[in-house]
There are 2 protein chains.
Amino acid sequence: MASLQDILVSAAINLLTALAFLAAFAFLRLQPINDRVYFPKWYLKGIRGTPTRSGAFVSKFVNLDMNTYLRFLNWMPAALKMPEPDLIEHAGMDSAVYIRIYLLGLKIFVPLMVLALVVLVPVNWTGKTLENIKDLTFSNIDKLSISNIPPGSIRLWAHLAMAYVFNFWTCYVLYKEYKIVAKMRLEFLASENRRPDQFTVLVRNVPPDPDESVSEHVEHFFCVNHPDHYLTHQVVYNANKLANLVAKKKSMQNWYTYYHNKYEKNPSKRPNTKTGFWGLWGTRVDAIDYYAAEIEKLSEEVIVEREKVISDPKAIVPAAFVSFKSRWGTAVCAQTQQSSNPTIWLTEWAPEPRDVYWDNLAMPYVELTIRRLLMTVGLFLLTFFFMIPIAFVQSLANIEGIEKVLPFLKTLIEMPFIKSIIQGFLPGIALKIFLILLPTILMTMSKIEGYTSLSSLERRSAGKYYLFILVNVFLGSIIAGTAFQQLNSFLHQSPTEIPKTVGVSIPMKATFFITYIMVDGWAGIAGEILRLVPLVIFHLKNTFLVKTEQDRDQAMDPGSWNFATSEPRIQFYFLLGFVYAVVTPVLLPFIVVFFAFAYLVFRHQIINVYDQTYESGAAFWPDVHRRLITCLIISQLLLMGLLNTKKAARSTPFLLALPVLTLWFHKFCKGLFESAFVIFPLQNAMIKDTLERAKEPNLDLKGYLQDSYVHPVFKGGELERPQVIDEEENNPLVPTKRTSHRSSNHGSEIGSDTAGF
Amino acid sequence: MASLQDILVSAAINLLTALAFLAAFAFLRLQPINDRVYFPKWYLKGIRGTPTRSGAFVSKFVNLDMNTYLRFLNWMPAALKMPEPDLIEHAGMDSAVYIRIYLLGLKIFVPLMVLALVVLVPVNWTGKTLENIKDLTFSNIDKLSISNIPPGSIRLWAHLAMAYVFNFWTCYVLYKEYKIVAKMRLEFLASENRRPDQFTVLVRNVPPDPDESVSEHVEHFFCVNHPDHYLTHQVVYNANKLANLVAKKKSMQNWYTYYHNKYEKNPSKRPNTKTGFWGLWGTRVDAIDYYAAEIEKLSEEVIVEREKVISDPKAIVPAAFVSFKSRWGTAVCAQTQQSSNPTIWLTEWAPEPRDVYWDNLAMPYVELTIRRLLMTVGLFLLTFFFMIPIAFVQSLANIEGIEKVLPFLKTLIEMPFIKSIIQGFLPGIALKIFLILLPTILMTMSKIEGYTSLSSLERRSAGKYYLFILVNVFLGSIIAGTAFQQLNSFLHQSPTEIPKTVGVSIPMKATFFITYIMVDGWAGIAGEILRLVPLVIFHLKNTFLVKTEQDRDQAMDPGSWNFATSEPRIQFYFLLGFVYAVVTPVLLPFIVVFFAFAYLVFRHQIINVYDQTYESGAAFWPDVHRRLITCLIISQLLLMGLLNTKKAARSTPFLLALPVLTLWFHKFCKGLFESAFVIFPLQNAMIKDTLERAKEPNLDLKGYLQDSYVHPVFKGGELERPQVIDEEENNPLVPTKRTSHRSSNHGSEIGSDTAGF
């Protein structure tokens, strides 16, 4: 067990690492050449054009102004300066609410930390149990934890009382936060500009009709059943093949650009390539001609396929985006059941156009339920048995195994240096690769489950990742052994024994988790701000591919923060905080530092870096809340088990009330707030409709909605963003000139794709 | 353990009892004097007027036609003759679907029985385990059960295979049945005549407004938010005090009638009464004058209170029945959320007027969630710890205890005869009283939970009663000891041990449950058709109270069958069938006989006796289905435990798939059919609206709905039934003359109540 000194040394190392990352960041971000990596959002918004600051050529790449280096931490106050309403306008509601999760951590854990340090640490310190036991190595950390309290001591009532105080405070903060976020969301929805999805409903499982096409059938059905409200509809094409062709063409264009640039730099030698896989084998040809011809060919194929998709009635999937004359009519259609058969004519609010996951729009009901069953079983197996195939791969991936399969490598492998590398490296590599692939695997599983919007896919993946972390990181760290072994031992233990088994080992793992927080939390967050991988990729792309301004925009595209992986990780810190608040209060300061630091960094990142692809209006908050409640209940059960082993069984009835009350609190909050995240109430719809009718009585809504839900391949390779333009029109930060430039850019892009390269 | 012979003797006894009951029924029902007890529904429908068949005076009371006695079982084919559509029209959808539960039992268990007897019984019989164990008493029944199979035998695969066959067959039948019932319900709703609840939505939690009354607030809100559809609304008065006064007046009127009849029979002596409690003490007064004066006084109070309620704005609760111009508008309002605050302006389909539970209409959201939390905890305590207070009462209620509390009874109690009676009687009496009161307790708990319709109250109570039966009757019979002891032992066992503990004792309890089925099932059902208690009560009332035809109608009122207690009891038989189908197949014939007999009897009863107070359109079917699935899963888990103790652990993975598949099947069915029981789809609403508009273009809907949702006390003591009259108008079985007579009766009744006695 690590002593207090070890912890302090480790803290110092990690702090230094974090500071080194910060210093590197401070240095790198000041170099104009990196400007597009560290401030891409401003370029995308059109506010920054070029990183030029002074006239000299060198200063285009290197910052020579020494003064700026002195204020190398000044991004921190800058990150905090932007007020929340501006932040929502600048970065979107999703991002603004996402960083509130870190703030929530501070709100919960700062008072908890103060209370725990003032009340519980003295109680534990004077417990004097560990000193009396001989032949036991213990650290000062343990003297500050509940381990130092003798079993059955009256002091345990202090822990019990604090558990109540902590839980009530947490629930209070959670309630307030849920209320605020719900209010923010409703205000956001109310203040939003006109968007296509406000008038549109996604209709799935349109039943087949022998006499009518899907389009006619949809029109007739809604004309009859929503006669006063139906406006228009857009059918959905199965454009997967077309999308593949377009993607292939785009990759060819990249290669063409690469060789073209190469040729321009060195006109004396025309570059060659091979026609085979990845240019590794096949006949050698002139690269520029080859790719130009390929692009030509693909362009024709794209045109043919496009015609085929549009003219073939079988290419229309049994789903449609149906638009209504008013938000009221849309809200009605989205919330009601249309047919007596609940598996056809399914209606739901359309996701915004950028958010649609097009591949899943056509899926029959029976197939959907079977897919979900299989994925549930799959998730269970993945969570508990993932070690089995990995262990199998690891058993193969030893030196003897490689020599057997690839005997010609034998001489190479037998070299002492390479052998030692392989021996040190191989055992862990299968697990590492698996962990890197895990988010992708989970996202694929969510896609198979058939969700129709990117935001819901992210939310579902986050849920799966949370389960995985809970079982394999949290429980796996506390109890040695694989998840499968745990599951097996849990199945053969009584339900009252499980919390005891886990609870009793919790105090012993405190130092491990403190180190974990510092390595994964502190240094990890500092690494996040440094953006090392995007930095390298941007410079590579910039050197080899970028030809036009538009190419550079694409190369610097920062993407969005990844909700599916980052949110479950935050939840893990919440869980650690809840579990150790009563048991080992000295862990709390580390958690608080993590939340404060992460809040700062992510606020900086969403202001300057990330560009959300869609806006769900913080639709993820009910998930966040539910998982926090799960963490709370787990911590309560573990405390119950721990106190039981401390021979404080009389406290069990008092502790039993906690999960019951917490569950009730969850139900209560759910009833109060959840609907704000699912439903658009009729009253609010009516208010917006009335306002709009008064302001713009002659609005051509049908024209506005005409092409809003068209598969992106029909628009040319990437999603058009009508509502971004919409927002920009009202955004004083963005000069109108720039906007028109950007949309004309888009136009030419579409043109180049439809008319061929 | 009972031998096969014991079982046969017991079967014979119970069959004879059942036959005796049936013979008594056959005899009693043929006596004209009992006609109103055994065929009240026909009187209520107005088809039978008087039981007179021949002219003689005696034959008014006693049936002298000997021929009819010979055909004493002819009610059976008569009960089966009425086809289902007629049955729905005659007795209502609820009743028609309710008896389908018995039919479902037959559909499931007859093929199971045949298969089990053909396949499993020979396999078990030739197992030859029990014969080889010496010093073990076993019966022939056990030789037919799985106990006769040696542990680890290959024969167990037959049981495993049959478990799959049984479960698939059950799920198939359940699926078909759910589909049929959903279709029946939709057809029933589509074919229904115009009813007030088709146009009405119950709005609860109307927020307070400082400037407007509840009525104005409701009107303004719906005028604004449903401008094209809102028609009218009716406020709800808090008329609990008024209802009490009316009830008191009614009881006084009963007493007045009683003494008046007494006086008329013996005019020489005016009856006396005492003014105190139950006429036991107080000053002696002339009974007729006293009650006449009391009724006079109460009538005045009723008038004053009625005025007060109608004029006092505080008597209006924050709830209202809002009516719309079309079914479409109603369906929209009922299915959507009105306000951004989901705890105000709650809308749901209004229950039909007879079905409204008026006391619960005004309940704020927070109070509601707290009440439900308390009732959940209460139900848990009631289910697992009800034996504690009963044991306490039993410990008090011994002879010494009574002598201590009531010493003056000592001499009486010490008499040997009385003492032995008390000693034999007392120990069980507290439990007996509790079990008799249990349905009332559960119904009260459901009422506290705040449900707004009688049908939902019944459904909730049924769920509670099911849990109680499951824990205390099923588990309590299999494992000795109270539910609390079971809970305690389960908590200290591993989850895999519990099915083993229960599973291993299941074969041993087969004979017990066979006896139970015969006593509670066979004889109980025969007792149901005899209606001994209503028979006695009717004749008592008829002798002492009945003065007018209307009084007789009231005295014979059969009420409705009690869903809350009878449905969970059926579920218990399903559970026994599922559990023993694989383990002890000889139990199945007893179950099949029960279902067949019960189907016959209840079909007879709903045709001839029961009169439903409300019509929910089989809204209970999703509950029935869910509980059947629960029974299935319990049986699967217990089989898993049993096979585990049989050292057939290799079968566990195969068995594990069963509950997973069953749960998936449940979710699948829920998605397919449940909405038909909750939601009225817009398409169907539109069809009905269009039809009606074509048929009756000049309908005065507002006038039709005017007073449909008025608290019954404003209508005079009992519920008016607009839609019954409605149905009768279209029912060719009912002569119109009679209808007008009945409604004029109603009119006079209202008159007598509003104008005073």
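Two residues are in contact, in the sense used throughout this report, if their C-beta atoms, placed from the backbone, lie within 7 Å. By that criterion, residues 24 or more positions apart account for 80% of the contacts in chain A with a separation of 6 or more. The structure is a predicted model, in which local features need pLDDT of at least 70 and side-chain atom pairs count only at pLDDT 80 or more, while totals for chains, interfaces and linings use all residues. Residues are numbered from 1 along each chain as its sequence is written, and chains are lettered from A, with ligands numbered from 1, in the order in which they are written.

Chain A holds 32 helices and 6 strands, where helices (H or I, at least four residues) and strands (E, at least two) are DSSP runs numbered from the N terminus. Of the 757 residues in chain A, 36% are buried; a residue is buried if 20 or more other C-beta atoms lie within 10 Å of its own, exposed if 12 or fewer, and partly exposed in between.

Between the two chains, 37 residues of chain A are in contact with 37 residues of chain B. On the side of chain A that touches chain B, at least two residues each come from α10 (214–225), α13 (327–335), α14 (365–385), α28 (652–673) and α29 (682–695) of chain A, and α28(A) gives the most, with 5 residues. That side divides into 18 nonpolar, 17 polar and 2 charged residues, with Ala, Val, Leu, Ile, Met, Phe, Trp, Tyr, Cys and Pro counted as nonpolar, Asp, Glu, Lys and Arg as charged, and the others, Gly among them, as polar.

**A sheet in chain B**

Chain B contains an open sheet of 4 strands in the order β2-β5-β1-β6, with antiparallel pairing; two strands pair if DSSP finds at least two bridges between them. The edge strands, each pairing on one side only, are β2 (230–237) and β6 (346–349) of chain B, and the twist averages 30 degrees from one strand to the next. The pairings of β1(B) are set out below.

| Strand pair | Bridges | Residues opposite each other |
|---|---|---|
| β1(B) and β6(B) | 4 bridges | V201(B) and W349(B) |

**Nonpolar cores**

A nonpolar core is a set of buried Ala, Val, Leu, Ile, Met, Phe, Trp, Tyr and Cys residues joined through C-beta atoms within 7 Å. The largest has 117 residues, of which L576(B), L587(B) and I591(B) touch the most other members, and helix α7 (residues 93–125) of chain B gives the most to this core, with 15 residues. Leaving aside its neighbours within four places in sequence, L587(B) is in contact with A510(B), F513(B), I514(B), L576(B) and Y580(B). Apart from this core lies another, of 116 residues, among them L112(A), M375(A), L575(A) and I607(A).

Technical notes: Axes are lines fitted to C-alpha atoms, for helices over the stretch in contact, and angles run from 0 to 180 degrees between N-to-C directions.
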